[in-house]
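Work through the exercises below with the sequence and the 3D structure beside you, and try each task before you read its solution.

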Amino acid sequence: MPSQPASTDGNIYWSSRLAFILAATGSAVGLGNIWGFPYKAGENGGGAFVLIYLACVLAIGLPIMMSEILIGRHTRKNPIQAMERMAVQSGHSPRWRWVGLMGVGAGFLILSFYSVIGGWALAYVFRALSGDFAEITPTVANEVFNSLVGDPERSMAWHTLFMVAVVLVVSKGVNSGLERIIKWLMPTLFVILLVLVGIASVMGDYGAAVNYLFNPDFSKLNSEVVVAAMGQAFFSLSLGLGAIMMYGAYLPDHASVAKTSLAIVGADTAVALISGLAIFPLVFAIPEMTTAEGPSLVFKVLPQIFGKIEGGGFVSVMFFLLLVIAAITSAVSLLEPVVSWLVTQKGMARDRASHVAGFAIWFLGLGTVLSFSSWSDERLTIAPRIGDRIFVLVDGKNFFEIVEFLTFSLMLPLGGVMIAYFVGFIASMKATRRQLADSPRAVYSTWLFMVRNVAPILGVIILLNMLGILDSIFLWLGLS
Ligand code: PHE
């Protein structure tokens, strides 16, 4: 097993398909599933969001996951070099490397806020250790959270600690150690989540939660819901920025790209849905809580479950610890493209590259720290008027929301469009077919059909949304 899966000498391989699945699942399963999915579902009206999310995972996520892995494995290079090389090999412009570069930018931006949320999870490990969740009431749960994020110094300190941990892992290249951890981390996290679902179903209103999540109310559908679900699918599966492509560079030749992708997508989706089922029963049972709680949702709800159960102290420490580790294994794959770029294109030593990138990302993260305290009212609106129409591009978003919007709604889907277009129309079919040769022919043709159609459709959706006219179309279709 490589100690540096992201170095690009191309000669090291994951020891097995399982090692790759573990690393890629480690990247995919993280805050996006447990923190992101429930709060996004809650903000976007539940069922309709979940349905579109699942559709995006299957119709867009799975084909793009396969695409990233096959580009990585075909070239055995980092995403920038991989896109460039495969394009040139097929007689096209080396400028395709820009897709890899945009991924570096997206990783940079995402990690800046990811680390802040990871810091909150870290803080909650210590809250849990100090027994603060025993007999916790909704009011106290609110206070615990608000006092943490409302205090920029405290929030910054945890953000710093989280970032230091990620930089240490990446600079020392202990990724293979992480894989060993992931091996027991994922199953344990899974079991704890299932236990939480069990308790939540007794304590809360399970029926209301299931109904909310799985019984779509299409009157809630609008462009925001669609774009949020699509962005969440990319984010949760770690797609669109080359993170999975980078790991794919080390997948052994004999492993099946299709089956491997299916395993990762399945695990990631299961964790997201189970998190939703653990959280919403309580949301409906506690009058003080609303579904549209936003980024604080998980942090306010789960401690209340822990507070009510025998041995809740231990379970809560375990849970937040696992969440932090899951977040670190994801964060590593966000930092890796940035570091790999600095090492291979800018000639920096790995150590130095990790420190420089880590510091810059940490600094940008301060914007997110402040978005939940001093800057929470600093909001930006961009709504140019063209002719007699007003195009609302940004509607009163704070710093964190802008970074989130840029990455979730623009960069990741755009990266996905480019990757899909690339494998569908640019890369030679001989090369793509060879990567999928071990699957039945129907798998290849279905995949090709998907990537060829996903690219233009997704592109159009992003464009329409940017122009602010997606909603008019929904209205016209009678959907909202
Ligand atoms: N998928 C990770 C999560 O759900 C976040 C991530 C996004 C990691 C993009 C790598 C690339 O937490």
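**Exercise 1.** In this predicted model, find which helices each supply at least two residues of the shell around the ligand.

*Solution.* For context, the protein has 19 helices and four strands.

**Exercise 2.** Describe the shell around the ligand by residue class, and name the residues that come nearest.

*Solution.* The shell holds 15 residues, of which A28, G32, Y114, F235 and S238 come nearest to the ligand. Sorting the shell by class gives seven nonpolar and eight polar residues, while no charged residue is found there.

**Exercise 3.** Locate polar backbone atoms that lie within 3.5 Å of an N or O atom of the ligand, and then state how much of the ligand the protein covers.

*Solution.* Take the nitrogen atoms of the ligand to start with: a backbone N or O atom of F235 lies 2.8 Å from a ligand nitrogen, and a backbone N or O atom of S27 lies 3.3 Å from a nitrogen of the ligand. Next, turn to oxygen, where a polar backbone atom of A28 is 2.9 Å from an oxygen atom of the ligand. As for cover, the ligand on its own has 320 Å² of accessible area, and the protein covers 100% of it. The space that the ligand takes is the largest cavity.

**Exercise 4.** Why does the radius of gyration agree with that of a compact globule?

*Solution.* A compact globule of 480 residues would have a radius of gyration near 23 Å, and the protein has 22 Å, so the two values agree. Along its principal axes, the C-alpha trace spans about 65 × 55 × 40 Å.

Key
Residues numbered from 1 in each chain as written. Predicted model: local features only at pLDDT ≥ 70, side-chain atom pairs only at ≥ 80, totals over all residues. Heavy atoms only, no water. Near = heavy atom within 4 Å. Polar contact = N/O pair within 3.5 Å; in protein donor to acceptor, adjacent residues only side chain to side chain. Areas by Shrake-Rupley, 256 points an atom, 1.4 Å probe, with all protein chains shown as cover. 1 Å grid on protein atoms, 1.4 Å probe; cavity = no way out; pocket = protein on both sides within 12 Å on 5 of 7 lines; lining within 4 Å. Sits in = over half its atoms within 2 Å of the grid points. Nonpolar A, V, L, I, M, F, W, Y, C, P; charged D, E, K, R; others polar. Rg over C-alpha atoms; globule rule 2.2 N^0.38 Å.
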